[in-house]
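Hi,

Here is the structure I promised to pass on. Have a look at it first, and my notes follow below.

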Amino acid sequence: MKKLFLVILVAVMTISLILIGCAPAPSPKPSPAPAPAPAPEKVIELKFGHQNPPTGHTTVKYLDPWAKKVEEACKGKVKITTYPAESLFKAREVIEATVGGVADIAWVQVGYFAASFPLTSVMSLPFLCLDSGKIDGKERSGGAVNSHILQELYETFPEVQAEWKNVKCLFVHCTDPYKLFTTKKPVRTMDDLRGLKLRELAGPPTEMWKLLGASPMMLPAPDIYEAASKGVIDGNNAPWAMVATYKLFEVFKYWTAAPTSAGQFAIIMNAGTWNKLPPDVQKAIMSVSGYSGAQFAGDGGWGFEARDIVLEAAKKAGYTLEKIDVTPAEFAKWKEIAGKPLWDKWVKDMEAKGLPGQKVLDKTLSLLDKYK
């Protein structure tokens, strides 16, 4: 019996082993699908419009380099395409074009819109500008120090900021002091100014020339060359960078070494475009704007070398710009007639509009004294 049982057990085990060996192998568990690669972040494309020609001094030294600084600060997340030479909008349409979204970023010459930015225009008042100065103990160009002062006024006064409420103002900035350039007649005294047709911007600079006996008229910068060559204007009050940008040394023969006023500018953005930007991109843009942008603009566009560049270019092209000096006594007369009287009038006009004209003027004077 035992022998039969062992035979049956061996047979059962043998059959079991055969069946196990014939059974299909278990299917391996499928490997998890690899996670999809993250989609590349879409580059933000911004349109930047301005009035200057693509090879102009301010374009090459300031506008293009600043756009590059923005791209670098944003680490490839932003691409700026520039539209120079009024190719996106006319100079006098810049505010409307930016508010309307034609441009994402734009460079504004405040003098075209003095009535809209009366407090921002304070440094267009006669003789409120520096040829050079010191910031943090370091000697800086008139463009840099005047720009720093204007940006400080913007940061200090909510009323100045409110003038830019329809756009995002990245920073404001200034030129070095304007000088008078004339075509046929050198200007040494007020008598020389009488009846001269001078291109000037709206607001206090226009009033200054009227008080000094000239006849000011407003023209966009790109129109100055033709107007001077045809005798429509006899002169132009301008910074050296403008003379370089538009090759005005070809039509003007004299420059009068008397600082008059400074031009104000701003870099602005469409408010909707700005608000849609990611916070990190906004922070990156502001890292090269504000005070940093103002000083960069002032040094780049209107730095110490601007005059030398113009004089060298004129010499190479066979033109001569003769320097005309004004005596200290004569210049004091200009300031007495067209300086403080216009400051007082400006304050009165601002106060009549409910704006803090006296506070802004006093702050401007204190900053000029601080940084000179």
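**What I found**

Let's start in helix α14 (residues 328–338), where Phe331 and Trp334 are 3 residues apart and therefore separated by about one helical turn. (Helices here are DSSP runs of H or I with at least four residues, strands are runs of E with at least two, and both are numbered from the N terminus.) Phe331 is buried, with a relative accessible area of 17%, and Trp334 is buried as well, at 1%. "Buried" means under 20% relative accessible area, "exposed" over 50%, and "partly exposed" in between, using a 1.4 Å probe and protein chains only.

Before going further, note that this is a predicted model, in which local features need pLDDT of at least 70 and side-chain atom pairs count only at pLDDT 80 or more, while totals for chains, interfaces and linings use all residues. Residues are numbered from 1 along each chain as its sequence is written, and side-chain values use heavy atoms, with hydrogens and water left out.

**Overall picture**

The chain has 16 helices and 13 strands. Of its 372 residues, 51% are buried. If you take contacts between residues at least 6 apart in sequence, 76% of them join residues at least 24 apart; contact means heavy atoms within 4.5 Å.

Two strands pair if DSSP finds at least two bridges between them. Strand β8 (residues 197–199) runs parallel to β9 over 3 bridges, and Leu198 has Pro216 in β9 as its bridge partner.

Strands β3 (residues 105–109) and β12 (residues 264–270) pair in the antiparallel sense over 5 bridges, with Gln109 opposite Phe265 in β12.

**Cores and rings**

In soluble globular proteins, nonpolar side chains tend to be buried together. A nonpolar core is counted as a set of buried Ala, Val, Leu, Ile, Met, Phe, Trp, Tyr and Cys residues joined through side-chain atoms within 4.5 Å. The largest one has 67 residues, and Ile149, Trp164, Leu248, Phe252, Ile268, Leu321 and Trp346 touch the most other members. Apart from that one lies another core, of 27 residues, including Leu46 and Phe171. Not counting residues up to four places away in sequence, Leu321 touches several residues, among them Phe181, Trp240 and Phe252.

As for rings, there are 14 aromatic pairs. Rings of Phe, Tyr and Trp (its six-membered ring) pair if their centres lie within 6.5 Å; planes under 30 degrees apart count as stacked, over 60 as edge-to-face and the rest as tilted. Phe181 and Trp240 are edge-to-face, 5.1 Å centre to centre with 90 degrees between the planes. That pair links distant parts of the chain, with Phe181 in strand β7 and Trp240 in helix α9 (residues 240–245), 59 residues apart. Both Phe181 and Trp240 are buried.

**The end of the chain**

Which helix holds Leu368? Leu368 sits in helix α16 (residues 357–371), and is buried, with a relative accessible area of 9%. Leu368 and Leu128 are 240 residues apart along the chain, with their C-alpha atoms separated by 7.6 Å.

Cheers
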